[in-house]
Amino acid sequence: MEQISQPINCAIIGCGNISEVYIENILHLANLRLIACGDILIEKSAEKGKKYNIEVLDVDSILNSNDIQLVINLTNPSSHFEISMKSLEHGKHVYSEKPLALTVEQANLLIETSKKNSLFMGCAPDTFLGGSWQTARKIIDDGWIGKPISATAFMLCRGHESWHPSPEFFYKKGGGPLFDMGPYYLTSLVFLLGPVKSVFSYGKTTFETRTITSQPLYGKQIHVEVPTDIHTVLNFENDVLCTLVMSFDTWSHHLPHIEIHGETGSLSLPDPNCFGGKIFFFNQFKKEWTEFPTCYDFFTNMRGIGISDMVCALQTNRSSYSANGELARHIVEIMEGIHKSIEEQKIIPIKSSCIPPNLSPYIQQNYIP
Ligand SMILES: NC(=O)c1ccc[n+]([C@@H]2O[C@H](COP(=O)([O-])OP(=O)(O)OC[C@H]3O[C@@H](n4cnc5c(N)ncnc54)[C@H](O)[C@@H]3O)[C@@H](O)[C@H]2O)c1
């Protein structure tokens, strides 16, 4: 068992919608101590600072602080590279919200800088550390469905302009169904099946504009700059073929989130945007779908356990951690490849690979109930 040492001092940059979940969860993570928060909009950081009694600093003061060892980058996707790079250049470990960067070139620069400066760099999503995903991986590793052959993954919704308070970024570079929701689906698939070797895709922008129906921007139009309906075939290194559909153009559907089909059985898996959910199993002998019991913990919205796992690795000299930069870079390259395939109508080879994280249920001793 890894021993916990002193908690590491961290600061959040980007105090918007998702920051609240992180702040609440960090209160339960024994090896993280959140000491500051900052945002380009002072009112955003002031609100969180007041609510949670955290020091409010501007971004430069966070970067220059000798007390802060880790930056948690919760800015919008277009700022991820800039904030993560500056943090690494200022000697801070980094954990970024997804996507790691907008291009594989940026992702490579981040990895190079983190290595050069001997710093850890992790990236969301960490949902695959949840109990259902860890169980799914164990089911596959233990051979319950035989050798995986094919998979399907479906994320279809009508976009986020009906609920998110500032939804413009979902329709700009770094957004769209692929860059916004793709990291959950692709990371879970890579965790379960290994790296992807090529992609082929069709896609389109169905609606040129979107009308915001959430507050406070109700009625404002968004110009859409990314494909919003994307149909892809992923070819995995182990020859599994997966159909992936990502859409912000669909009101409703009855499709399963993720299914994995093997030589002797099939698995139907829950929403990879969540840590938990039901797993259904079918095999050639029983010939009916039944719920498969989960065998690990953490099923609720535990965003942040990937940071705790990374810090645990740092504190115990463990060289690998689950939600790591190489994995996130591979996901960026797959997404970039899908967009490129849509534009060029070609099969796009994926050059980067990654070692899929080990089955690594989150360590209970770092969680304060
Ligand atoms: N909202 C969700 O449910 C959700 C869930 C999971 C992941 N995410 C991811 O989390 C990230 C943030 O999403 P959000 O919904 O909180 O967005 P948001 O727009 O509500 O918040 C982002 C915050 O970052 C700040 N910011 C942007 N650029 C900055 C910069 N250069 N320096 C300092 N601050 C800057 C903005 O002012 C804003 O307050 C995104 O990458 C998103 O994909 C969001």
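How many Å separate the centres of domain 1 and domain 2, taken over C-alpha atoms? I looked this up before anything else, bearing in mind that this is a predicted model. The answer is 24 Å.

**Domains.** I checked the bounds next. The domain assignment puts 8-127, 302-322 and 353-366 of the protein chain in domain 1, and 128-292 in domain 2. Where the two touch, I find 22 residues from domain 1 and 28 residues from domain 2. On the domain 1 side, α4 and α8 (305-315) each supply at least two residues. The largest share of that side comes from α8, with three residues. I also noted the make-up of the domain 1 side: twelve nonpolar, seven polar and three charged residues.

**Ligand.** Then I went to the ligand. I see 23 residues around it, and the closest are G14, G16, N17, S79 and E97. Which helix gives the most to this shell? Helix α4 (residues 77-89) does, with four residues. By class, I have nine nonpolar, eight polar and six charged residues in the shell.

**Sheet.** I traced an open sheet of nine strands with mixed pairing. I wrote down its order as β16-β15-β14-β13-β7-β12-β11-β8-β17. The edge strands are β16 (290-292) and β17 (348-349), each pairing on one side only. Inside the sheet I looked at one pair: β13 (residues 258-262) and β14 (residues 265-269) run antiparallel over four bridges. In that pair, I258 stands opposite L269 of β14.

Which helices pack on the sheet? I found α7 (residues 176-193) touching β7 (148-156), β8 (196-204), β11 (229-236), β12 (241-247) and β13. The direction of α7 makes about 160° with that of β7. I also found α9 packing on the sheet, where α9 touches β8, β11 and β17. The direction of α9 makes about 50° with that of β8.

**Helix pair.** Last, I followed α9 (residues 325-344) to helix α5 (residues 104-116). Their axes come within 9 Å and cross at roughly 170°. So α5 is roughly antiparallel to α9, as I count angles over 145 degrees that way. From α5, I list V104, A107, N108, L110, I111 and S114 in the contact. From α9, I list G325, E326, A328, R329, V332, E333 and E336. Sorted by class, the residues of this contact come out as six nonpolar, three polar and four charged.

Definitions and conventions: Residues are numbered from 1 along each chain as its sequence is written. This is a predicted model: local features need pLDDT of at least 70, side-chain atom pairs count only at pLDDT 80 or more; totals for chains, interfaces and linings use all residues. A residue is near a molecule or strand if its C-beta atom, placed from the backbone, lies within 6 Å of it. Ala, Val, Leu, Ile, Met, Phe, Trp, Tyr, Cys and Pro count as nonpolar, Asp, Glu, Lys and Arg as charged, and the others, Gly among them, as polar. Domain bounds come from an automatic or database domain assignment. Two residues are in contact if their C-beta atoms, placed from the backbone, lie within 7 Å. Axes are lines fitted to C-alpha atoms, for helices over the stretch in contact, and angles run from 0 to 180 degrees between N-to-C directions. Angles under 35 degrees count as roughly parallel, over 145 as roughly antiparallel, 65 to 115 as roughly perpendicular and the rest as oblique. Two strands pair if DSSP finds at least two bridges between them.
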